[in-house]
Amino acid sequence: QVQLVESGGGLVQPGGSLGLSCAASGRVFRLNAMAWYRQAPGKERELVATINSGGITKYADSVKGRFTISRDNAENTVYLQMNSLQPEDTAVYYCNANILATRYSFGTEYWGKGTLVTVSS
């Protein structure tokens, strides 16, 4: 069984910074692409940033230049550093990863339960 557990959410003032982390545990042979999504109240879940196994990153236009996604393959962890946060960044942030349980497995997509980020003065 594989689990993704996010941490680092909380309340921050506009213009502030916050870092999120997501650790994969359980039967993990290899992490493929990893990503962060977010869902604001009353809105659909949207892609924030992705990072593939080679470290190539992509960002939503709304967060480019402010957010940075990174990964530590040795720790099976993905990070999201968020700077210059604005009230519109308020959302539940979800970790997503494509994971191989064994070298013979197909990749399976997993989701974390989410962590709330609130940007407010």
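**Setting.** I am working from a predicted model.

**Core.** I started with the nonpolar core. The largest one holds 30 residues. I looked for the residues with the most contacts inside this core and got W36, L80, M82 and Y93. Next I asked which elements give two or more residues to the core. The list is β1 (2-7), β3 (18-26), β4 (30-39), β5 (46-51), β7 (67-72), β8 (77-82), β9 (91-100) and β11 (115-119). I noted that β9 gives the most, with five residues. As background, nonpolar side chains tend to be buried together in soluble globular proteins.

**Cysteines.** How many disulfides are there? I count one. The partners are C22 and C95, with their sulfur atoms 2.1 Å apart. I also checked the hand of the C22 and C95 link: the angle about the S-S bond is -80 degrees, and the link is left-handed. C22 is in strand β3 and C95 in strand β9, so the pair ties together parts that are 73 residues apart in sequence. Buried or exposed? For C22 I get 0% relative accessibility, so C22 counts as buried. C95 is buried as well, because its relative accessible area is 0% and the cut-off for buried is under 20%.

**Rings.** I searched the whole structure for aromatic pairs and found one. Then I turned to charges over rings. Which rings does R45 sit over? R45 lies over the face of Y94, 3.7 Å from the ring centre. I also have the charged end of R45 over the ring of W111, at 4.7 Å from its centre.

Definitions and conventions:
Residues are numbered from 1 along each chain as its sequence is written. This is a predicted model: local features need pLDDT of at least 70, side-chain atom pairs count only at pLDDT 80 or more; totals for chains, interfaces and linings use all residues. Side-chain values use heavy atoms; hydrogens and water are left out. A nonpolar core is a set of buried Ala, Val, Leu, Ile, Met, Phe, Trp, Tyr and Cys residues joined through side-chain atoms within 4.5 Å. Buried means under 20% relative accessible area, exposed over 50%, partly exposed in between (1.4 Å probe, protein chains only). Helices (H or I, at least four residues) and strands (E, at least two) are DSSP runs, numbered from the N terminus. Rings of Phe, Tyr and Trp (its six-membered ring) pair if their centres lie within 6.5 Å; planes under 30 degrees apart count as stacked, over 60 as edge-to-face and the rest as tilted. A charge sits over a ring if NZ of Lys or CZ of Arg is within 6 Å of the ring centre and within 35 degrees of the ring normal. A disulfide is a pair of cysteine sulfur atoms within 2.5 Å.
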